[in-house]
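Dear colleague,

My findings follow it, beginning with the ligand and then turning to individual residues.

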Amino acid sequence: MYPEKNLHEAYARQLDEQDDLKRFRDEFYLQTGKIYLDGNSLGLLSKRAEKSLMELLETWKTFGIDGWTKGDHPWFYISERLGELCAPLIGANPEEVIITGSTTSNLHQLAATFYQPKGRKTKMLADELNFPTDIYALKSQLEIHGYDTSHLVRVKSGDGQTLQEEDVIAAMSEDVALIVLPSVLYRSGQILDMKRLTEEAHARDILIGFDLCHSIGAIPHALSEWGVDFAFWCTYKYLNGGPGAVGGLYVNQKHFGKKPGLAGWFGSNKEKQFDLEHDFQAADTAGAYQVGTPHILSAAPLLGSLEMFHEAGIEKIRAKSLRLTEYMMMLIDAELSEYDFKVANPSEAAKRGGHIYLEHAEAARICKALKENGVIPDFRSPTGIRLAPVALYNTFSDVWQTIQTLKAIMQEKRYEKFTNTRDVVA
Ligand SMILES: *Cc1c(COP(=O)(O)O)cnc(C)c1O
């Protein structure tokens, strides 16, 4: 049913030759003989990220304390500068974005700021497929306010993999004060319609924010235009900022001036911060929601990495990502149909994020066999395999080779020598 020639390696090579982002691959540290498809868990190091990290380390060596204000990237302004560089990736104004904290700590800050139960409006709305840390954070915020965790309503999934926007909207009842949802679901890679959900939430006088961990750097957004109230993300997945790199947050400018739930001196108006007064004067930008001293060395790689996103452009990155996942789905359909894999990501482009999600009863050991055979996938307990061909460094040939490897593993049952259990980090 597919043109026979499209299944051959030569076709993959042809797609690689036509790829207008191919020059970026050489800028990354790729292990020889390995195909890395785990960039949605931890993106790879690029030479530019390495260079910016070394430059910042050098400023410490050279300037000591004066590094806060001297050098090409004075530390005092780095969080704002990186926010500016991130803004086009999420469709925000530069002042609406700051690089700070982590996904979880930023959610705590934003929930502490925007969850203000009043009268009947006391509930939070999330979903049952959300990443656990978001749920933990929301529950603890409820408890701080003296509510029981049953105040967190979680929208149910009909199929265990995806959410229906209609169901989310139906759950936006009068008693909901705050909604927190992922932009892209971490397992199935489903993209939620953020524009529509924001409109519906606002029509009911509910504030809404999104966790962008699986969308930033992979798909374009228009957060300001959609009027999204707030968002937060990590930078070590598609943004290739390095393990534990500093996260980010966005606050819509209509909320500027709103008192941070968790105040700290780095949220100060920068002119006033070193007056060292005990009355906090918050910045009139998203910078207000910073807490303490920025983690300069964990932010430094982003200076180099984000430059690459600018050169490539998020629209082109998304276009290539869609072609890669489309091609992978075609090969899975053509080559793996007899091995009981279920493609559990949405197949329509508008709903499909940056990765392919396969379900298989033997997923844990299939992942171990893939690793032994040179392909780095991502296992999600209990039965999920995520494969993320990343636009900046993966190729169509990587995708072709991955599916060939997977086919050989299934044909020869190479996974049988492993146990079907997860590792400590999986
Ligand atoms: C990766 C990820 C996180 C991670 O949170 P950290 O605070 O950075 O550890 C949170 N939420 C989602 C949806 C993620 O994919």
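In the classes used here, Ala, Val, Leu, Ile, Met, Phe, Trp, Tyr, Cys and Pro count as nonpolar, Asp, Glu, Lys and Arg as charged, and the others, Gly among them, as polar. On that basis, the shell around the ligand divides into four nonpolar, five polar and three charged residues. Please note that this is a predicted model.

The ligand site

The residues around the ligand are Ser102, Thr103, Thr104, Phe131, Thr133, Asp134, Asp211, Cys213, His214, Cys234, Tyr236 and Lys237. Among them, Thr103 places a polar side-chain atom 3.0 Å from an oxygen atom of the ligand. His214 likewise has a side-chain N or O atom at 3.1 Å from a ligand oxygen atom. The space that the ligand takes is the largest pocket. Two elements give two or more residues to the shell around the ligand, namely helix H4 (103-114) and helix H5 (132-144).

The side chain of Asn106 reaches the backbone oxygen of Thr100, at a distance of 2.8 Å.

Ser150 is located in the loop between H5 and strand E4 (152-155). The side chains of Ser150 and Asp148 are joined by a polar contact of 2.7 Å. Ser150 and Glu80 are 70 residues apart along the chain, and 37 Å separates their C-alpha atoms.

Backbone geometry

Pro382 belongs to the loop between strand E12 (378-380) and strand E13 (384-387).

Asn240 is not a glycine, yet its phi is positive, at about 55°. This residue is in the loop between strand E7 (230-233) and strand E8 (248-251). Is Asn240 buried or exposed? Its relative accessible area is 2%, so Asn240 is buried.

Leu276, also a residue other than glycine, has a positive phi near 55°. Its place is in the loop between E8 and helix H9 (296-312). Leu276 counts as exposed because its relative accessibility is 56%, and that class begins over 50%.

Gly83 is part of helix H3. With a relative accessible area of 0%, Gly83 is buried. Gly83 and Glu95 are twelve residues apart along the chain, with their C-alpha atoms separated by 7.6 Å.

Leu7 is in the segment before helix H1 (9-18). How is Leu7 classed at 18% relative accessibility, buried or exposed? Leu7 counts as buried at that value, since the class covers values under 20%. From Leu7 to Thr59 the C-alpha to C-alpha distance is 51 Å, and the two residues are 52 apart in sequence.

Yours sincerely

Definitions and conventions. Residues are numbered from 1 along each chain as its sequence is written. This is a predicted model: local features need pLDDT of at least 70, side-chain atom pairs count only at pLDDT 80 or more; totals for chains, interfaces and linings use all residues. Side-chain values use heavy atoms; hydrogens and water are left out. A residue is near a molecule or strand if one of its heavy atoms lies within 4 Å of it. A polar contact is a pair of N or O atoms within 3.5 Å; within protein, one must be able to donate a hydrogen and the other to accept it, and residues adjacent in sequence count only if both atoms are side-chain atoms. On a 1 Å grid over the protein atoms alone, a cavity is a set of points where a 1.4 Å probe fits but cannot get out, and a pocket is an open set with protein on both sides within 12 Å along at least five of seven lines; lining residues have an atom within 4 Å of a point. A molecule sits in a cavity or pocket if more than half of its atoms lie within 2 Å of its grid points. Helices (H or I, at least four residues) and strands (E, at least two) are DSSP runs, numbered from the N terminus. Buried means under 20% relative accessible area, exposed over 50%, partly exposed in between (1.4 Å probe, protein chains only).
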